[in-house]
Amino acid sequence: MLDSLAQLAGGLQVALQWDNLFYCFLGALIGTLIGVLPGLGPVATIAILMPITFHLDPIAALVMLAGIYYGAQYGGSTTAILVNLPGESSSVITCLDGYKMARKGRAGAALSIAALGSLAAGVFATFLMGVFAVSLLELSMHFGPAEYFSLMMLGLIAAIMLSESSLLTGLALVLLGFALSLVGNDVSTGVSRLTFGYFELGDGFDFVPVAMGLYAVAEIIRNLERPESRVVLKGTVGSFWPNREEVRRSIPATVRGTLIGSVLGLLPGGGPTLGSFAAYMFEKKVSKHPEEFGTGIPEGVAAPEAANNASAQTSFIPLLTLGLPANPTIAMMAGAMMIQGIQPGPQVMTNNPDLFWGLIASMFVGNVLLVIINLPLIRLWVALLRVPYRFFYQAILVFCCIGAYSVGNSVFDVYVMLGFGLFGYLLLKCSIEPAPLILAFVLGPMVEEYLRRALLLSQGDPTTFITRPLSLFFVVLCVVAIALMLKRPVATLFAKRTIQAVDG
Amino acid sequence: MINIRNPASAVMACLLIAVAVILWWGTGDLSVGKAARMGPGYVPRLLAILLVLLGIAMLVRSFVLHGDAVGAIPFRALLSIVGGLVAFAFLVGSAGLLVAIPVLVVFVSLGDRDLTPVPIILTAIALTIFSSVLFVRLLGLPLPLWKFGG
């Protein structure tokens with residue numbers, strides 16, 4: 001443990017180098033910006049910025065992209081509190097109590113509670129990552145192909161649970177994602193599959209235009225279709241200082257939110273959205289006054305906001321120790337690492353210790369910067385919220401087109417982006433969230449590879465997945481998760497409650 | 001008379017079955033192998049079978065379970081986005097960014113009924129200058145700016 005702390009201190013030196021500090025700030029700033037703006041999330045943003053990172057040093061690139069990710073968690077809460085719209089999906093639940101607090105004239109206090117709670121959670125999660133990364137890495141040494149396969153299945157099932165679709169729809173998305181990932185040359189034999197004569201498809205669909213299509217283009221068509229109604233809170237933000245009562249109620253909620261968020265971030269399929277929902281539900285459960293939730297109480301802001309920031313950070317751990325992206329944003333980070341020639345996985349810590357510890361330590365720095373970016377500059381973000389969406393979407397599309405073209409210097413990826421944009425719009429139209437699809441698409445080649453290897457080792461015997469104890473553990477969790485979904489669709493339940501509460 | 005009660009589910013079911021057919025047909029000439037030594041065709045075949053099964057299940061569900069209506073198709077928004085991106089793809093290589101960006105912006109702006117010509121033109125000019133300077137001059141992305149004459 002002391003060793004980890006020494007490493008973390010070394011990482012802090014890396015993170016505090018001027019250029020890394022600059023990119024950390026830039027990432028945090030962009031993250032806040034897109035967090036504040038509804039309709040543009042971290043996945044699309046990282047996809048757009050991907051061509052820019054080609055030219056950066058790997059540490060600077062990842063520090064910036066990570067800053068965008070957790071910065072969006074801060075920015076999302078601003079929109080939730082002031083406009084009653086989630087800037088990000090992870091701040092959906094913050095609308096419930098955050099906006100009510102703002103209506104009571106406590107907007108400033110709510111923003112402070114969210115920002116300071118996020119800071120505390122961020123610092124704690126960073127510390128936790130530093131201390132436990134090494135032990136998790138040791139655990140990952142016990143992973144064979146069967147364990148990897150079962151864990152990925154668990155991750156995908158968790159993603160289905162989290163998306164607001166039914167089990168069948170979720171499974172459909174996962175299978176479609178797998179099917180898309182098959183396109184291109186087969187990893188083991190090099191045979192070209194499903195390319196239908198297009199040499200551009202030799203390496204399969206590139207992740208960047210696919211993500212831009214599903215997350216940016218589809219969202220834009222959706223927004224053009226329904227005129228927006230955005231009502232920014234009238235009147236003043238009020239004092240940023242929470243009163244004594246608010247502080248007293250926020251602190252334990254922040255602590256619980258941080259712990260829940262940190263743990264749920266580690267789960268494959270987990271991340272900020274899951275973290276914030278779970279923290280809010282738990283807070284309601286342990287509260288002596290559960291009936292007060294939804295009326296504008298500080299716990300309802302502190303717990304989910306602490307949780308989403310903590311999970312955003314700990315969700316880097318499965319990527320850095322196992323090479324498994326837990327959610328679409330982390331999958332984008334994996335893509336950025338591979339562009340820089342770094343294979344995500346256990347070897348990152350040994351081969352690129354500066355990158356590993358520098359990235360973790362940059363989150364300390366980034367969180368402090370974010371509080372500075374968010375609280376004193378709140379007027380700037382409020383002003384930005386008053387700018388209508390129609391002044392943004394052309395810019396988003398221009399950046400997407402240039403980004404897609406730059407991936408392989410060909411217009412092929414622009415068409416890929418368009419195709420996935422239309423497909424993503426079809427999904428939105430059917431009220432289907434694309435996260436399970438994109439996760440399956442990213443994991444697809446690994447799933448196939450580990451399935452092949454596991455069955456090769458067991459000479460074709462599929463019981464290998466349940467005879468190895470660690471793999472059995474994941475399989476049991478999968479079965480439990482499916483049983484839960486069949487019994488009561490958890491995610492739909494969440495969704496209904498949120499909608500009722502937001503309407504009411 | 002059987003009615004489709006869940007259009008979203010029906011759309012998804014058709015999509016799954018279509019993808020299954022493409023998978024089966026597209027990998028028809030690849031060797032399948034056996035579980036212990038899979039060929040490149042093994043997983044696609046397995047996936048195609050699962051897709052068909054799931055497609056049938058969703059088709060059944062679309063007749064049984066009620067779902068929300070899908071709603072009208074916004075032709076104006078769709079056409080403007082498709083037109084804009086296709087025009088960009090077409091022009092970026094043949095005419096350069098200085099033509100492709102304004103055409104893209106004008107096209108996609110037509111998707112918004114409330115936009116008037118003046119802000120559209122201003123946005124187009126601003127975005128063209130901003131993107132050319134940022135992406136081509138500063139970041140050095142290899143995109144052609146102008147393909148005519150000098």
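A cavity here is a set of points, on a 1 Å grid over the protein atoms alone, where a 1.4 Å probe fits but cannot get out, and its lining residues have an atom within 4 Å of a point. This is a predicted model, where local features need pLDDT of at least 70, side-chain atom pairs count only at pLDDT 80 or more, and totals for chains, interfaces and linings use all residues. Residues are numbered from 1 along each chain as its sequence is written, chains are lettered from A in the order in which they are written, and side-chain values use heavy atoms, with hydrogens and water left out.

Let's start inside. There are three cavities of 30 Å³ or more. Around the largest cavity you will find Tyr74(A), Ser77(A), Thr78(A), Leu111(A), Ala114(A), Ala115(A), Asn374(A), Leu375(A) and Ile378(A). Two helices of chain A, H4 (58-83) and H6 (107-140), each give two or more residues to that lining; helices are DSSP runs of H or I with at least four residues, numbered from the N terminus.

Now for a pocket, an open set with protein on both sides within 12 Å along at least five of seven lines. The second largest pocket has 47 lining residues, and closest to its centre are Asp203(A), Phe205(A), Met338(A), Val442(A) and Pro445(A). Helix H20(A) provides the largest share of this lining, with eight residues.

The table gives volumes, each being the space filled by probe spheres set on the points, with grid points joined across faces, edges and corners.

| Space | Volume |
|---|---|
| Largest cavity | about 60 Å³ |
| Second largest pocket | about 1300 Å³ |
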